[in-house]
Amino acid sequence: APPVPAAATDPRAAHQAAVADVAQRMASQLAELQTLALRPPSADVQALERSLAEREAELEDLTAENAELSLANEELLEEVVELRQYLVPTKLRLAHAEDEKAALVREVRKLTVKLAATEREVQALRGGAGAISRAPFWG
């Protein structure tokens, strides 16, 4: 069987290993901070100035893009207003046309009923005329 590390069985060993790990990480961070502290500040300033110039250029681009989008948005809003001005009367005309259509459909139905009644009368008159024409003239 492979040997079991002491940290796995001894609580003090586990604590000591954790403390050693933290100490090692702190030493590494301290070395990094010392390296940064010893570096000449001019390199940082130049890098920051370059970054600032890049950000300012980005901001200018975004500002220009925002202005273009705002103008396009205003144009679209004007177009929406124009379309609404056209749409409202069109809706009213459509509603009026629907009312007229309904009235015409009712009128067509009435005329269809009248036509059917007239056709029945014509058939009855034809039947009567046929009966009269077959009847003897001299009575």
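A salt bridge here is a side-chain nitrogen of Lys or Arg within 4 Å of a carboxyl oxygen of Asp or Glu. The model is a predicted one, so local features need pLDDT of at least 70 and side-chain atom pairs pLDDT 80 or more, while totals for chains, interfaces and linings use all residues. Residues are numbered from 1 along each chain as its sequence is written, and side-chain values use heavy atoms, with hydrogens and water left out.

**Exercise 1.** Work out how many salt bridges the whole structure holds, and where they sit.

*Solution.* Start with the count: the search turns up 1 salt bridge. Next, the partners: Asp21 and Arg25 pair up at 3.6 Å, N to O. Then the place: they're 4 residues apart in helix α2 (residues 11-38), so about one helical turn separates them. (Helices are DSSP runs of H or I, at least four residues, and strands are runs of E, at least two, numbered from the N terminus.)

**Exercise 2.** Decide whether Asp21 and Arg25 are buried, partly exposed or exposed.

*Solution.* Grab the cut-offs: buried is under 20% relative accessible area, exposed over 50%, partly exposed in between (1.4 Å probe, protein chains only). Asp21 has 38%, so that's partly exposed. Arg25 has 49%, so partly exposed again.

**Exercise 3.** Describe the fold of the chain and how much of the chain is buried.

*Solution.* Count the elements: 3 helices and 0 strands. Read from the N terminus, they go α-α-α. Now check burial: of the 139 residues, 1% count as buried.

**Exercise 4.** Place Lys110 in the chain and classify its exposure.

*Solution.* Lys110 lies in helix α3 (residues 41-134). Its relative accessible area is 54%, so Lys110 is exposed.
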